[in-house]
Amino acid sequence: MSVKAKLTATGFQDIIRDWENLAQDLPTSIQKGVDNSLLPIASAMRSNTTMMFNKGYMTGVMVESISHTATIGSDDNVYGSVGIYDMSRKTASTKRRLPAPVLAYMYEHGIRPHSLASGVKLEQLPTEKSPRGKAAVGKQGRLMHKGSAPIPFLSSAWDANSQKITPILVAHMDKEISKL
């Protein structure tokens with residue numbers, strides 16, 4: 001004995017519409033997640049800057065120049081960056097000739113010794129043609145800058161916090177998906 005039954009399923013249009021919305025909202029949601037995941041690195045960079053450079057005015061400018069951003073590219077990929085940006089208009093940095101990113105690079109990588117006089121030749125590193133190299137020569141009576149050792153305040157913040165990016169992004173995406 002067979003029984004005929006008619007089954008009606010509803011709600012498929014809603015599922016299809018939600019799926020289409022998910023595809024549209026996904027890049028924006030990932031962008032917010034990437035932005036949130038860069039917060040610990042930016043915070044550590046600010047902390048390192050404040051702790052390692054007790055130099056008053058310039059420390060404040062460098063701390064104010066640390067930022068992070070996440071953007072959606074024209075290819076719909078999400079890109080994030082964190083670091084020191086030139087924000088001279090925001091920080092009213094007019095006392096220095098060097099913008100914060102250049103100064104940060106010099107601190108991060110160090111400065112080799114050089115003459116403070118204009119028109120002098122800097123030290124030349126050894127090469128095949130000149131295996132001994134050539135020392136920096138300043139004009140008589142001129143000062144030599146003794147250089148400075150690297151102070152890795154940006155890279156140490158990245159190294160200590162970069163492993164947090166993926167867990168923060170995954171937690172954010174789990175939260176966003178659970179809203180569906």
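The model is predicted: local features need pLDDT of at least 70, side-chain atom pairs count only at pLDDT 80 or more, and totals for chains, interfaces and linings use all residues. Residues are numbered from 1 along each chain as its sequence is written, and side-chain values use heavy atoms, with hydrogens and water left out.

Start with the fold. The protein has 6 helices and 4 strands. These are DSSP runs numbered from the N terminus, with helices being H or I of at least four residues and strands E of at least two. Along the sequence, the order reads α-α-β-β-α-α-β-β-α-α.

Next, the surface. The accessible surface comes to about 13,200 Å² (Shrake-Rupley method, 1.4 Å probe; for residues, only the protein chains shown count as cover). Carbon and sulfur atoms hold 56% of that surface. Of the 180 residues, 26% count as buried (under 20% relative accessible area; exposed is over 50%, partly exposed in between; 1.4 Å probe, protein chains only).

Contacts mean heavy atoms within 4.5 Å. Among those between residues at least 6 apart in sequence, 62% join residues at least 24 apart.

Now turn to Asn 161. Asn 161 lies in helix H5, which spans residues 153-161. Asn 161 counts as buried because its relative accessibility is 8%. Its side chain reaches the backbone oxygen of Ala 157 at 3.0 Å. The side chain of Asn 161 also makes a polar contact with the side chain of Lys 164, at 2.9 Å (a pair of N or O atoms within 3.5 Å; within protein, one must be able to donate a hydrogen and the other to accept it, and residues adjacent in sequence count only if both atoms are side-chain atoms). Leaving aside neighbours within four places in sequence, Asn 161 is in contact with Pro 40, Ile 41 and Ala 44.
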